[in-house]
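Here is a briefing on the model shown below. It begins with terms and then goes through the topics one by one.

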Amino acid sequence: MNHLTHEPIEAAWLARQVAGAESGGITTFTGVVRNHQDGRSVTRLEYSAFEPMADAECARIVSEAESRWPVAVRLRHRLGQLAIGDVAVAIAVAGAHRGEAFDACRYVIEEVKQRVPIWKKEFYADNTVAWVDPTKRKHDVDAAALTERPPVVSAP
Amino acid sequence: MSSAPPPLRIRVLLFASYADLVSREEVEVLVPSPATVADVIARLRADVPGAHRLPDRPLAAVNQVHGRLTDPVADRDEVALLPPMAGG
């Protein structure tokens, strides 16, 4: 389980893992638990996964990004109980230049959302609970549509 | 007269909202050979209490790799039914 953890994620630590003397640009994406969804007040989250497949799918996504762009990528997704403000996912990408670092980072988070078998249960302030279905949410559907575009070619 | 081949024994895994619907995380399903992922799902929905509440065309993985409903299954394969994914 290299890409999944039940412990808090340190995005800065992840960025240090990809940094090298040849890196001119390092991008990080940090997904954080927010306190609202579709106008409802969220108090906490629980992530679960089909763990062996989720870890393998994360490895495939990292490897795709590293073969598509000249970058080094690290990815961690947290599982279990998370509080508001906790880091749910972190991605660090290092490249010689900013273009490939931004593009690969965006690719990895969009693919994670679409392909990795992880599920999210939201707990609301009114004591109700629901499994999240991103296919029924406008923001995530819009984000998914972005990945169907060809990648932006990076300027050096 | 040839005898029919033995049925395929498929391990079906259910997660998250699907596990809640069926009140189980794992079910063994027997299907006549040859069979596809769709055949396994149809048998599951028909035979297992609560499983008719599953969608008839869910996302599925075969042996931990995303698959299609038309993919063939083999004896002892593991078919995972995946609710809409919500990582990130």
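Axes are lines fitted to C-alpha atoms, for helices over the stretch in contact, and angles run from 0 to 180 degrees between N-to-C directions. Two residues are in contact if their C-beta atoms, placed from the backbone, lie within 7 Å. This is a predicted model, in which local features need pLDDT of at least 70, side-chain atom pairs count only at pLDDT 80 or more, and totals for chains, interfaces and linings use all residues. Residues are numbered from 1 along each chain as its sequence is written, while chains are lettered from A and ligands numbered from 1 in the order in which they are written.

**Confidence**
- The average pLDDT of chain A is 90, and 87% of its residues score at least 70; pLDDT is the predictor's confidence in each residue, from 0 to 100.
- Residues 141–152 of chain A fall below 50, and this stretch has eleven contacts in the model beyond near neighbours in sequence.
- Where pLDDT is low, the predicted coordinates should not be read in detail.

**Layout of chain A**
- Chain A holds four helices and nine strands, counted as DSSP runs (H or I, at least four residues, for helices; E, at least two, for strands) and numbered from the N terminus.
- Their order along the sequence is β-α-β-β-β-α-β-β-β-α-β-β-α.
- Of contacts in chain A between residues at least 6 apart in sequence, 76% join residues at least 24 apart.

**The open sheet and its helices**
- Four strands of chain A make an open sheet, ordered 1-5-7-2, with mixed pairing; strands pair if DSSP finds at least two bridges between them.
- Strand 1 (4–5) and strand 2 (25–32) of chain A are at the edges with a single partner strand each, so one side of each has no neighbour in the sheet.
- Strand 1 and strand 5 (residues 71–78) of chain A run parallel and are joined by two bridges, with A:R78 as the bridge partner of A:T5.
- Helix 1 (residues 11–18) of chain A lies across strand 2, strand 5 and strand 7 (87–95) of chain A, at about 25 degrees to strand 7.
- Helix 3 of chain A also lies across strand 2, strand 5 and strand 7 of chain A, but runs at about 150 degrees to strand 7.

**Strands 4, 8 and 9**
- Strand 4 (residues 40–49) and strand 8 of chain A are antiparallel, joined by seven bridges; A:V42 has A:Y124 as its bridge partner.
- Strand 8 and strand 9 (residues 129–131) of chain A pair antiparallel over three bridges, and A:F123 stands opposite A:V129.
- Four residues lie between the strands of the hairpin of strand 8 and strand 9 of chain A, where A:N127 takes a positive phi near 70 degrees.

**Burial and core**
- Buried residues are 35% of the 156 in chain A; a residue is buried if 20 or more other C-beta atoms, placed from the backbone, lie within 10 Å of its own, exposed if 12 or fewer, and partly exposed in between.
- The largest nonpolar core has 64 residues, and those with the most contacts inside it are A:V73, A:V93, A:A104, A:V108 and B:V40.
- Such a core is a set of buried Ala, Val, Leu, Ile, Met, Phe, Trp, Tyr and Cys residues joined through C-beta atoms within 7 Å.
- Not counting residues up to four places away in sequence, A:V93 touches residues including A:V73, A:A101 and A:A104.

**Contact with chain B**
- In chain A, 23 residues are in contact with 15 residues of chain B.
- Helix 3 of chain A gives the most to this side of chain A, with five residues.
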